[in-house]
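Please keep the sequence and the structure in view while reading.

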Amino acid sequence: WCAPSSFTTSTWSQKVDAFKDYSIPIFLSEYGCTKTARTWEEIPTLYSDKMSPVYSGGLVYEYTKEGDAVQQKFGLVEVESDSEVTERPDFGTLKTALAKTDPPAGNGGAKSSGSPSKCPTKSPTWLVSDDKLPKMPENAKKFFKDGAGDGVGLKGPGSQDLGDESGGFATPGSGAPTATGSVTGSSTGSSSSSGTSAATAVRIPPFSFAPLVCGMVLLASSLLGGAMLL
């Protein structure tokens, strides 16, 4: 949205239409013109009943002056140090625009039906043709059974592109919760629990008196120190 513009010219109306059936809160991320002077004329529309039933406000691009020479034009403030922040011109303009705009009344007309959103039809930019889920790869099953092992940290090739791919689609309803948790050295349970709920894998660790003793010592020391001061 770059002034002069409007709800329809900016295509914000299309954004609202695209998400009108969403059943979860969303907001407009990183709005603010990057081509001309920013007068923030879009703010009254963002908080009007044209958008408030779908969008819960938005975040301005961007708070701090950072990045390359182009990005630095759009910071609302410049952080000089941990305790010093300097307001830049856009900050005052934005503040004025917000002060002139009334917030939405009530819940802003938010949707309450909770109906699920529909997936787009398959296209060159949306390659999903149905709602089938892929089968879990065999190596992923091993992780659930035996754990992922030690983390490699920042060394080595990492794991993002490792492992095998799914070999097809899962049958609807084929998934089921399993109890695979275990406590090392415990004589009361194992990873082969026969429970049918994941909650059965939870183990309560044995109670230790060490924290209690430390707390009592600390309390006694504090009381003794206070008595000496009196």
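With which residue does E78 form a salt bridge? The partner of E78 is K65, and the closest N and O atoms of the two are 3.8 Å apart. A salt bridge is defined here as a side-chain nitrogen of Lys or Arg within 4 Å of a carboxyl oxygen of Asp or Glu. Because E78 lies in strand β3 and K65 in the loop between β2 and β3, the pair ties together parts that are 13 residues apart in sequence. Helices (H or I, at least four residues) and strands (E, at least two) are DSSP runs, numbered from the N terminus. E78 is partly exposed at 27% relative accessibility, and K65 is partly exposed as well, at 29%. The terms are set as follows: buried means under 20% relative accessible area, exposed over 50%, and partly exposed in between, with a 1.4 Å probe and protein chains only.

The model is predicted, so local features need pLDDT of at least 70 and side-chain atom pairs count only at pLDDT 80 or more, whereas totals for chains, interfaces and linings use all residues. Residues are numbered from 1 along each chain as its sequence is written, and side-chain values use heavy atoms, with hydrogens and water left out.

Side chains of opposite charge can pair when their charged atoms come close. By the rule given above, the count of salt bridges comes to four. One of them joins R38 and D90, with the closest N and O atoms 3.0 Å apart. This pair links distant parts of the chain, since R38 is in the loop between β1 and α2 and D90 is in helix α3 (residues 89-99), 52 residues apart. R38 counts as buried at 7% relative accessibility, and D90 counts as buried at 15%. Another salt bridge is formed by D17 with K20, at 3.2 Å between the closest N and O atoms. Here D17 is partly exposed, with a relative accessible area of 47%, and K20 is partly exposed, also with 47%.

The backbone deserves attention next. W40, in the loop between β1 (26-31) and α2 (43-46), has a positive phi of about 60° although it is not a glycine. W40 counts as buried, at 2% relative accessibility. T11, in the segment before α1, has a positive phi near 70° and is likewise not a glycine; T11 is partly exposed, at 33%.

Cis peptide bonds complete the tour. One joins A3 and P4, with omega about -5°, and P4 lies in the segment before α1 (12-18). Another joins Y61 and E62, with omega about -15°; E62 is found in the loop between β2 (55-60) and β3 (77-81).
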